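Dear colleague,

Please find below the structure that I am handing over to you.

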Amino acid sequence: PEPTPEPTPEPTPEPTLDSATAAPIPSAVATANTIALVKSAIIGIINGEPDMAPKFVDCVGGCDGCVNLDNIDNRGLEIPIGALDDLMMNHPTSQTGLSRADTWALAALTAAEVSQNGNNPLDFPLDWVGRVDCEELMMGSPPCQNANGDDVPCSTSGPRRELPLPDLNTTGVLHYFATTFGFSARETAAIMGAHTLGELSIQNSGFPGNNGWVSRQLVLDNQYYRGLVGGAGNDGVATQEELLDAPNWFIREQDNTNDP
């Protein structure tokens, strides 16, 4: 008798975001070449404007590809959002299987990769896809509108989310990241290291300082932490030069004896 042929396996479907209830799925389902294609385009944007790298951030209230630019705390984000909107016109979700939120996440990860300076840079792969853009989450609700009630793109006028105040003390910072993201104190300390990238402007953040918090504002390293606690020699004691590692800072002593 003829041997029974093996059944042909069904191909793995590409991820789709037609449902507002879609949940992130392992990015192995998305073809690696589509992710690589979009990542290459993002690298091209950063190479054309290196200081774009520190600007790729969005996740307060959820990584949903939406930022409310009417909120003054988000000033300056219109630059990377515009760059990524142009990218998505050339690489739409229907072709890549990546939502706008996925593309923004990939941009942040890629920016972290290319901002490293050393012989052993870390990889930050896009492990999950399927993030749902806010307009899909709001399906059936009124469209995104600005303060005048005009319909506007959700990518730039999404739901208003409150950002942490710039003068929070340690307790306030830990509380915010614990309640907003479920971060531990260790994870919060790690994410604060993102301040090693970028520069400050009065127009955007209210703080001056073209050098940002560190002297190498386009390099992802540990300078931010060194500026907080100072470097240390073999004896574990920081020198005055190391304590003054961060530019544009001044020394202020504060008694934390009675802090919880």
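The largest nonpolar core has 18 residues, a nonpolar core being a set of buried Ala, Val, Leu, Ile, Met, Phe, Trp, Tyr and Cys residues joined through side-chain atoms within 4.5 Å. Val38, Ile42, Leu98, Leu106 and Leu126 have the most contacts inside this core. At least two of its residues come from each of helix 1 (32–48), helix 2 (78–90) and helix 4 (100–114); helices are DSSP runs (H or I, at least four residues), numbered from the N terminus. Helix 4 supplies the largest share, five residues. Another core, of six residues, lies apart from it and includes Val173, Tyr176, Val214 and Tyr224.

The model is predicted: local features need pLDDT of at least 70 and side-chain atom pairs count only at pLDDT 80 or more, while totals for chains, interfaces and linings use all residues. Residues are numbered from 1 along each chain as its sequence is written, and side-chain values use heavy atoms, with hydrogens and water left out.

The count of disulfides (pairs of cysteine sulfur atoms within 2.5 Å) comes to one. This disulfide joins cysteine 66 to cysteine 134, with an S to S distance of 1.9 Å. The two cysteines are 68 residues apart, cysteine 66 in the loop between helix 1 and helix 2 and cysteine 134 in helix 5 (residues 134–137). The torsion about their S-S bond is about -85 degrees, so the disulfide is left-handed. Cysteine 66 is buried, at 3% relative accessible area, where buried means under 20% (1.4 Å probe, protein chains only). Cysteine 134 is also buried, at 2%.

Yours sincerely

Terms used
Buried means under 20% relative accessible area, exposed over 50%, partly exposed in between (1.4 Å probe, protein chains only).
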